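Colleague: I am new to this model and would like to learn how to read it. Could you walk me through it, one feature at a time?

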Amino acid sequence: MLDFKELDAFVWAVKLGSFRKAAVRLHITQPSVSERISRLESTVGVLLLERSARPVQPTMRGREFFLHAERILHQRDEALKLFDSAETFSAPLRLGTIETIAHSWFPAFIQQLTERFPELIIELTVDYSPALNDRLMRNEIDILLAMNGYLAPEQIECETLSPYEMGMFVSPRHAALLSEHPNAWCQSLPFISFGRQARPYEELVRYLSDVGVQQPRIHSVSTLMTIARMTMEGLGIGALPVATVLDEWRRGDLYRLALPVPLPPMNYDVIWRSANHPRFCRSVGRIAQECAANYARERCADMANTCFTGRWVRPSATPTTPEATPRST
């Protein structure tokens with residue numbers, strides 16, 4: 001078995017042409033240099049140095065082996081440089097995210113991340129939070145952008161991200177109906193939400209129960225874009241992150257309900273295992289926090305635009321056309 005100390009002694013003896021100079025370079029005694037090189041020669045089974053020559057010269061096999069030994073030591077030094085900077089990482093980074101983030105500020109996040117770490121290669125998984133947390137614990141993912149609360153706190157570290165405001169939306173064809181019939185929003189149409197495994201589904205069920213809707217009809221859908229499309233097609237009331245459907249709302253493809261009680265926001269975190277590369281993961285977390293906060297600020301500014309004024313449905317006992325009485329949900 002080759003030993004780095006033996007390789008160091010051999011390489012420096014060849015470079016400097018002297019056991020004595022090699023000993024000074026390695027801060028050991030000259031006999032130690034001689035002993036290490038002898039062990040190396042015993043391991044490989046051939047003579048590597050001509051000791052009688054001055055300066056010391058490698059044999060033919062020694063010259064050949066020197067090239068490999070020098071390369072091995074260089075690779076060792078390069079590998080150890082990884083630990084000189086506690087915030088760098090060059091191996092493929094296995095990221096997991098939920099679809100809501102993937103369709104919002106994630107592209108800006110990836111751009112900033114790869115600018116900060118130009119050698120980084122991303123391996124991305126998009127899934128529900130429970131599935132992503134499970135894969136994190138199996139060491140199949142390094143960092144998550146997802147909902148927290150599925151893993152023991154002592155096993156992970158996390159940083160909080162800006163929350164998503166949630167709203168209920170309908171297609172224009174249902175807007176007049178819901179304005180004319182005060183209770184139609186929770187009685188005449190089914191709801192459309194994320195899959196049953198996702199926490200937004202659980203929170204929607206809890207919300208509807210709190211406002212008096214028992215045993216609601218809820219279509220569970222695996223993707224955000226499908227929920228939005230089904231809602232625009234008039235298949236039900238979509239429970240959606242407001243920021244992700246601003247364009248559809250602005251165009252009038254979706255109308256937003258002014259709910260009697262606001263939906264709870266969706267809260268997400270950057271999550272990684274405590275045993276992982278903590279300083280690097282925290283650096284990634286800071287980038288994610290910045291991107292999420294910028295996205296939230298930009299969408300708040302967008303929503304102040306007056307073009308949303310006519311895109312609200314406020315249920316009323318008097319037949320009206322969809323009218324805007326903006327109300328934050």
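**Reading strands, helices and confidence**

Colleague: How many bridges join strand 11 to strand 13, and do the two run parallel or antiparallel?

Modeller: Strand 11 (residues 255–257) and strand 13 run parallel, and two bridges join them. In general, the strands of a sheet pair through backbone hydrogen bonds, in either a parallel or an antiparallel way. Two strands count as a pair if DSSP finds at least two bridges between them. Strands here are DSSP runs of E with at least two residues, helices are runs of H or I with at least four, and both are numbered from the N terminus. Within this pair, Arg256 stands opposite Trp312 of strand 13.

Colleague: Before we go on, what kind of model is this?

Modeller: It is a predicted model, in which local features need pLDDT of at least 70 and side-chain atom pairs count only at pLDDT 80 or more, while totals for chains, interfaces and linings use all residues. Residues are numbered from 1 along each chain as its sequence is written, and side-chain values use heavy atoms, leaving out hydrogens and water.

Colleague: What is the strand order of the six-stranded sheet?

Modeller: The six strands follow the order 9-8-10-7-11-13, in an open sheet with mixed pairing. Its edge strands are strand 9 (218–221) and strand 13 (312–313), each pairing on one side only. Helix 8 (residues 172–180) packs on this sheet and touches strand 7 (166–170), strand 11 and strand 13 (contact means heavy atoms within 4.5 Å). The direction of helix 8 makes about 100° with that of strand 7; axes are lines fitted to C-alpha atoms, for helices over the stretch in contact, and angles run from 0 to 180 degrees between N-to-C directions.

Colleague: Which strands stand at the edges of the five-stranded sheet?

Modeller: This open sheet has the order 4-3-5-12-6, again with mixed pairing. Strand 4 (122–126) and strand 6 (156–160) are at the edges with a single partner strand each, so one side of each has no neighbour in the sheet. From one strand to the next, the twist averages 20°. Strand 3 (residues 93–97) and strand 5 (residues 143–146) run parallel and are joined by three bridges, with Leu145 in strand 5 as the bridge partner of Thr97. Helix 7 (residues 129–137) packs on the sheet, and its direction makes about 165° with that of strand 5.

Colleague: At what angle do helix 1 and helix 2 cross?

Modeller: The axes of helix 1 (residues 4–16) and helix 2 (residues 19–26) cross at roughly 125° and come within 8 Å. The pair is therefore oblique: angles under 35 degrees count as roughly parallel, over 145 as roughly antiparallel, 65 to 115 as roughly perpendicular, and the rest as oblique. Residues that meet include Trp12 in helix 1 and Phe19 in helix 2. The contact of helix 1 with helix 2 has seven nonpolar, no polar and three charged residues (Ala, Val, Leu, Ile, Met, Phe, Trp, Tyr, Cys and Pro are nonpolar, Asp, Glu, Lys and Arg charged, and the others, Gly among them, polar).

Colleague: How does helix 3 sit against helix 1?

Modeller: The axes of helix 1 and helix 3 (residues 30–44) cross at roughly 110° and come within 8 Å. That makes the two roughly perpendicular. Helix 2 and helix 3 pack at an angle of about 100°, and they are therefore roughly perpendicular too.

Colleague: Where does pLDDT stay under 50?

Modeller: pLDDT is the predictor's confidence in each residue, from 0 to 100. The protein chain has a mean pLDDT of 86, with 89% of its residues at 70 or more. The values stay under 50 over residues 316–329.
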